[in-house]
Amino acid sequence: MKIGKLNISDLEKLVLKNLNCKNKKVLSTGAIGNDCSAIELDKNIIYLSSDPITGATKDIGRLAININCNDIATAGIKPLGIMLTLLLPPEIKEFEISQIMIDAQKEADKLGITILGGHTEVTEAVNRVIISSTIIGVGEKEQFNMKSKVEAGDRILITKGIGIEGTGIIATEKEDELRKFIPLNLLNKAKNLLNKISVLKEGLIAKDLCKNMHDVTEGGLLGALWEISHYYNLGIEIDFDKIHIPEEVEAITSHYKINPLRLISSGTMIIIVDKENVISLVEKLNKENIKVFDIGCFISENRKILKINENYEDIAPPESDELYKII
């Protein structure tokens with residue numbers, strides 16, 4: 001099978017169809033286009049999500065914290081704590097383990113969450129460090145029930161631009177090689193994108209004005225757009241010219257001849273908002289120095305369309321991420 005997340009058909013056939021939740025306290029479970037599960041507990045809702053780090057070898061402590069916090073952020077909830085499982089190859093050095101945890105704790109402190117525990121193991125089952133994490137957050141039941149139904153005409157916004165995490169990983173992992181081809185200022189900007197992979201701030205800002213949010217991870221922007229279209233059983237029409245591709249992302253992806261729209265992009269939040277609230281939300285995010293771009297809308301016709309100039313292309317389901325062509 002291809003490296004990366006299972007494709008949609010395999011995920012549905014091999015995983016999701018074999019699951020069956022009968023507990024009425026479970027309000028939502030893992031689904032294509034849904035970032036976290038929700039469990040009712042008295043007047044509160046417990047939010048949970050899990051994600052691994054498999055596509056990077058550097059900065060993985062920081063990445064592990066952020067990508068999991070991002071999933072909870074899509075619910076507009078501040079994460080409470082995280083569990084980390086580290087699977088380590090036999091050749092790893094003690095200082096490397098220590099550095100991973102130092103980086104993870106530093107990022108947890110920055111985001112105001114607690115590393116609750118987990119598991120650490122050296123095993124021949126892996127040939128590089130794998131971190132798998134589970135994040136937990138707590139919200140009010142009232143907020144969970146306030147979400148409006150997503151409908152045709154609702155606008156689709158993204159924050160910051162695309163290709164953020166993937167470009168940051170490639171620039172960090174391939175720095176020595178890229179120095180020969182990419183101007184130093186762009187290479188440094190690309191590496192610094194890993195400082196922008198959190199979407200917690202925009203999630204907390206947008207929660208009262210949006211209908212829902214979705215974190216852009218493996219499969220990139222087009223993969224995430226396909227997922228939300230599938231989740232809400234609505235079509236989407238996206239204008240390519242409205243999608244912001246930062247110059248450092250353009251430089252790295254052009255060099256490797258990969259598609260930035262299919263590149264993992266933690267740091268990009270998709271925000272679904274009623275068209276009447278777009279201006280208010282954009283102003284609120286811009287006030288906090290968060291760039292946001294209105295790239296399209298939901299449509300009643302069950303098609304996933306990308307408009308490039310005057311041409312219209314169907315958006316294909318997510319496949320193996322472009323990152324795996326390089327890393």
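**Exercise 1. Find the partners of strand 11 and describe its surroundings.**

Task: starting from strand 9 (residues 235-239), determine in which sense and over how many bridges strand 9 pairs with strand 11.

Solution. Strand 9 and strand 11 run antiparallel to each other and are joined over four bridges, where strands are DSSP runs of E with at least two residues, helices are runs of H or I with at least four, and both are numbered from the N terminus; two strands count as paired if DSSP finds at least two bridges between them. Within this pairing, Glu 237 stands opposite Cys 297 of strand 11. The next step is to look at strand 7 (residues 155-159), which is joined to strand 11 by five bridges, again in the antiparallel sense, and here Ile 158 has Phe 293 of strand 11 as its bridge partner. Finally, strand 11 itself covers residues 292-299, and seven of its eight residues are buried, a term that stands for under 20% relative accessible area, with exposed meaning over 50% and partly exposed the range in between, for a 1.4 Å probe and protein chains only.

The model is a predicted one, in which local features need pLDDT of at least 70 and side-chain atom pairs count only at pLDDT 80 or more, while totals for chains, interfaces and linings use all residues. Residues are numbered from 1 along each chain as its sequence is written, and side-chain values use heavy atoms, with hydrogens and water left out.

**Exercise 2. Follow strand 3 through its pairings.**

Task: identify the strands that pair with strand 3 (residues 44-53) in the antiparallel sense.

Solution. Strand 2 (residues 37-41) pairs with strand 3 over five bridges, and Ser 37 has Leu 48 as its bridge partner. These two strands form a hairpin with two residues between them, and Asp 42 in the turn has a positive phi of about 55°. Strand 6 (residues 130-140) also pairs with strand 3, over ten bridges, with Ile 45 standing opposite Gly 139.

**Exercise 3. Describe what lines the largest pocket.**

Task: say which strand gives the most residues to the lining of the largest pocket, and how the lining divides by residue type.

Solution. Strand 3 gives the most, with six residues. The lining holds 44 residues, and those closest to the pocket centre are Lys 5, Ser 50, Asp 51, Pro 52 and Thr 217. By type, the lining divides into 20 nonpolar, 14 polar and ten charged residues, where Ala, Val, Leu, Ile, Met, Phe, Trp, Tyr, Cys and Pro count as nonpolar, Asp, Glu, Lys and Arg as charged, and the others, Gly among them, as polar. A pocket is found on a 1 Å grid over the protein atoms alone, as an open set of points where a 1.4 Å probe fits, with protein on both sides within 12 Å along at least five of seven lines, and lining residues have an atom within 4 Å of a point.
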